[in-house]
Amino acid sequence: MELRLSTLPTAFGEKLVMRIFDPDLLQKSFTELGLEDEDLRRWNLMTAAGNGIVLVTGPTGSGKTTTLYSTLRRLATPEVNVCTIEDPIEMVEDSFNQMQVNHGIKLDFSSGVRALMRQDPDIIMVGEIRDLETAHMAVQAALTGHLVLSTLHTNDSPGSISRLQELGMPAYLIKATLRGIMSQRLVRILCAACKAPAPVDADAWQQLVQPFDLAMPAGICRPVGCKVCRETGYVGRQGIYEVLVNSPRVQACIKPQMEARDIRKAAMDEGMQTLRLSGAARVAAGQTTIEEVMRVAPVLET
């Protein structure tokens, strides 16, 4: 296990937050992580490109690091030079060339990418795009024939394109370099040993899937609690995903003055599922609850 600790002095003692990184997660398949079927096909299509930018978005603790590491492990063959610049290095992986941000020697994400460009990389992973300079270096790497993977803190996939423009990225460069965006959240999975059938709350279901008219499932499951799950009703977490491919139709919506809802509509017309719809499928399959999905997935802006 690798631990990341943050301590803070408070009025009545020290407050500590511990993040636990389990290396075994990197050995799990995408299906075990919750990425499967059409979403997995789209993700593989985006990351199989020899160049361009692929983004993973979501808040802190939504599983972005695990997704990126699992993807890079799959891509990192002996013939492929995978280089990363991270802050900090989350998990040590022998098959990558990992570099850590060090502000003491003025090594930040943008200067790190600039240095990596001289290392003959095939794939570059940038821990996070935080500013225009880092975004610019990621674009330059993509334009010169490299595949760049990185993260953004946005609510959903269409909003990431707006975020890039807010940073100062011209629309024509986003069109030329962006391969796709995957937004994700983690939901708790019901304990298989004790979950029980439950009637569907019609109002809650409609609130979950609005503004779409999805048929209500015949039944769902609810948490109970037992020794296996330590009386919580849940065991483990899996991801729900929203995968946007930068297709020609989506590219046509990327303009200097654009609306994220136009990109969302174009992407959904081509088969993209929103985070809530992805979560609704998990609810209908008896894997999680409506409340759990609504807790983590953002409300769809209309």
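In what follows, Ala, Val, Leu, Ile, Met, Phe, Trp, Tyr, Cys and Pro count as nonpolar, Asp, Glu, Lys and Arg as charged, and the others, Gly among them, as polar. By this division, the lining of the largest pocket in this predicted model consists of 13 nonpolar, 14 polar and twelve charged residues.

Two or more lining residues are supplied by each of β2 (13-21), α1 (30-33), α3 (64-75), β8 (178-190) and β11 (234-245). Among the contributors, α3 provides the largest share, with six residues.

The description now turns to the strands. Seven of them form an open sheet with mixed pairing, in the order β5-β4-β6-β7-β3-β8-β11. At its edges stand β5 (97-100) and β11, each of which pairs on one side only. On average, and with direction ignored, neighbouring strands of the sheet are turned by 20° against each other. Within this sheet, β6 (residues 123-126) and β7 (residues 147-152) pair in the parallel sense over four bridges. M125 lies opposite L149 of β7.

The cysteines remain to be considered. A disulfide requires two cysteine sulfur atoms within 2.5 Å, and by this rule the model contains zero disulfides. For C226, the nearest cysteine sulfur is that of C194, 3.7 Å away, and C226 is in no disulfide. C226 counts as buried because its relative accessibility is 16%, under the 20% limit. C83 is likewise buried, with a relative accessible area of 3%.

Methods: Residues numbered from 1 in each chain as written. Predicted model: local features only at pLDDT ≥ 70, side-chain atom pairs only at ≥ 80, totals over all residues. Heavy atoms only, no water. Buried < 20%, exposed > 50% of the residue type's maximum accessible area, 1.4 Å probe, protein only. Pairing = 2+ DSSP bridges. Axes fitted to C-alpha atoms, helices over the stretch in contact; angles between N-to-C directions.
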